[in-house]
Amino acid sequence: MDINFKPRLTASSLFKSIFTTKKLKEIYTSSVKYSTPVGIDKINSKIFEKNLTKNIEIIKRKAHNGTYKFSIYREKLISRGANKFPRAISIPTIRDKVTLRAIFLILASLYKDETPFLHSIITGVMQEIWQRGFDSVIRLDVKDFYPSINHELLLKRLSKRIRKKELISLIKSAITQQTLEKIDNKKVTKAITSIPQGLPISNILANIYLEVIDKKYNNDSSLAYFRYVDDILIFCNRLNIEHLKQTIISDFLAIGLVIHGDDDPGKNYSGDASSRFNYLGYVFDGPLVTVRLESIQKLRESIIKTLTSYKYSTRPNNIGLLSWYLNLRITGCKFNGKNYGWMFYFSQINDLGLLASLDHFIAKQLDNFGINRQIIKVKKITRSFFEITKNSTNTNYIPDFDSFDIHQKKTILSNTFNIDTGQLNNVEINHQFRKKIFQSIKDLEKDLLRPS
């Protein structure tokens with residue numbers, strides 16, 4: 001027997017290891033405590049923690065006996081820019097969010113090989129362009145993706161790998177719960193016939209739903225297939241374009257999903273593989289890989305917003321706080337084992353001219369706002385790109401908050417946020433530090449929202 005052989009984890013074994021008191025408390029502390037908005041019950045983290053042990057035991061007991069039910073979700077509208085309908089996401093209660101994170105950990109372990117990673121997708125696209133194995137490209141987009149996912153079919157696919165009925169029950173309860181929305185100042189609930197957007201499990205369930213289609217086209221040597229959420233990109237030969245488009249449209253329609261038609265060139269495009277096209281916020285123009293104009297403008301607007309907030313702040317002259325938020329916009333950061341920020345998202349471009357122009361833009365805005373560049377330590381987009389792409393494991397330029405020691409945390413709390421740390425013990429310092437980091441990166445997460 002191979003001594004390196006590791007038996008495949010089952011849903012049952014994962015369920016037992018994750019739905020424990022210790023693990024659920026860890027999930028709450030690391031993923032939920034500092035970052036969650038209140039749900040329909042209006043219970044915040046402070047109130048939740050007063051009965052933390054009881055709340056965790058309720059999750060554990062009801063999950064194991066199959067009686068856990070999710071509360072109605074609260075709707076939150078996220079702007080998608082001018083002339084676009086906002087994206088409606090569902091906000092769970094804190095207790096439900098802990099449960100959802102636990103479910104996500106199980107699904108991520110079970111389906112990790114089938115979950116597309118954005119940067120590996122972009123790498124694959126770049127390789128196809130450079131290898132020139134195909135002369136044409138097709139880009140397709142699913143219309144109303146999340147609202148069109150069929151519960152029955154999704155649960156059927158899940159049951160092929162998940163035999164743990166209590167886990168299936170949890171997932172079914174999560175995706176069938178209603179969301180409370182406001183229409184003309186009246187609160188109404190709308191039934192969920194698909195997957196609520198914004199839940200920790202939303203994306204991975206969507207990937208599972210498309211698993212069969214992904215496998216079909218990934219195994220087809222006559223094309224190169226990429227998909228991230230509802231954005232599909234295919235490299236093929238020119239003679240196959242129309243047949244391939246019709247086949248894909250038919251395959252998606254068979255599971256209740258409609259592809260945008262030819263009348264929407266932003267969502268349905270085909271052309272020469274060497275011509276300029278965009279995908280996932282990136283623009284591919286022959287050998288040049290750059291960033292879509294809307295994504296560039298989003299970063300610029302966030303810089304201006306940061307400077308405007310400083311100018312009209314009720315705490316004037318806090319140059320340290322301005323430097324903190326501005327540099328996070330520029331460099332991004334590492335926290336909780338994840339990368340955050342615009343530059344991390346677009347770290348695979350090769351358009352160095354764009355990066356230099358962004359540094360120039362930031363310098364000009366500092367001048368426009370009357371901020372002396374000699375007294376503020378503003379980092380560079382160009383340097384951040386180099387550190388991320390060439391020196392990511394050794395860099396001190398990009399903050400890795402997971403590696404900060406207690407002294408560094410105290411310094412940031414004192415110098416940046418004006419918190420008196422003299423009377424705080426290490427537990428309290430860690431608490432305050434994590435709280436401030438979660439607050440600081442909240443908008444950086446918005447920079448990483450799917451750029452569709």
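This is a predicted model: local features need pLDDT of at least 70, side-chain atom pairs count only at pLDDT 80 or more; totals for chains, interfaces and linings use all residues.
Two bridges join strand 3 to strand 8 (residues 258-259), and these two strands run antiparallel. Residues are numbered from 1 along each chain as its sequence is written, and side-chain values use heavy atoms, with hydrogens and water left out. A few terms come first, then the tour.

**Terms used below**

- Helices (H or I, at least four residues) and strands (E, at least two) are DSSP runs, numbered from the N terminus.
- Two strands pair if DSSP finds at least two bridges between them.
- Buried means under 20% relative accessible area, exposed means over 50%, and partly exposed is in between, with a 1.4 Å probe and protein chains only.
- Contact means heavy atoms within 4.5 Å.

**The chain as a whole**

- The chain holds 18 helices and 14 strands. Its radius of gyration (taken over C-alpha atoms) is 24 Å, close to the 22 Å that the globule rule (2.2 Å times the number of residues to the power 0.38) gives for 452 residues, so the chain is as compact as a globular protein of that length.
- The C-alpha trace spans about 65 × 65 × 55 Å along its principal axes.
- Of the 452 residues in the chain, 47% are buried.
- Looking at contacts between residues at least 6 apart in sequence, 74% join residues at least 24 apart.
- The accessible surface (Shrake-Rupley method with a 1.4 Å probe; for residues, only the protein chains shown count as cover) comes to about 23,500 Å², and carbon and sulfur atoms account for 51% of that surface.
- For your charge bookkeeping, there are 70 positive and 43 negative side chains, and the centres of the two sets lie 8 Å apart. Lys and Arg count as positive and Asp and Glu as negative, while His and the chain ends are not counted; each charge is placed at NZ of Lys, CZ of Arg, CG of Asp or CD of Glu.

- Strand 3 (residues 136-143) is mostly covered, with seven of its eight residues buried.
- In the pairing with strand 8, Lys143 has Val258 as its bridge partner.
- Strand 3 is also joined to strand 7 by six bridges, again antiparallel, and Ser136 stands opposite Cys236 of strand 7.
- A further antiparallel pairing, over five bridges, links strand 3 with strand 9 (residues 268-272); here Leu140 stands opposite Asn268.

**Two hairpins in a row**

- Strand 10 (residues 277-279) and strand 11 (residues 282-285) pair in the antiparallel sense over three bridges, with Phe277 opposite Phe284.
- These strands form a hairpin with two residues between them, and Leu280 in the turn has a positive phi of about 55°, although Leu280 is not a glycine. Leu280 is buried, with a relative accessible area of 2%.
- Strand 11 goes on to pair antiparallel with strand 12 (residues 288-291) over four bridges, and Val283 has Thr290 as its bridge partner.
- The hairpin of strand 11 and strand 12 likewise has two residues between the strands, and Gly286 takes a positive phi near 65°.

- Gly198 lies in the loop between strand 5 (186-190) and helix 9 (202-209).
- The C-alpha atoms of Gly198 and Arg87 are separated by 9.6 Å, though the two residues are 111 residues apart along the chain.
- Leaving aside neighbours within four places in sequence, Gly198 is in contact with Ile89 and Ser90.
- Helix 9 is mostly covered, with seven of its eight residues buried, among them Ile204, Leu205 and Tyr209.
- Those buried residues pack against helix 5 (94-110), helix 7 (151-159), helix 8 (165-176), helix 10 (211-218) and strand 6 (224-228).

- Val229 is in the loop between strand 6 and strand 7 (231-236). Its phi is near 55°, a positive value in a residue other than glycine, and at 9% relative accessibility Val229 counts as buried.
- Lys334 is found in strand 13 (residues 333-335).
- Not counting residues up to four places away in sequence, Lys334 touches Asn339, Phe344, Ser392, Pro399, Asp400, Phe401 and Asp402.
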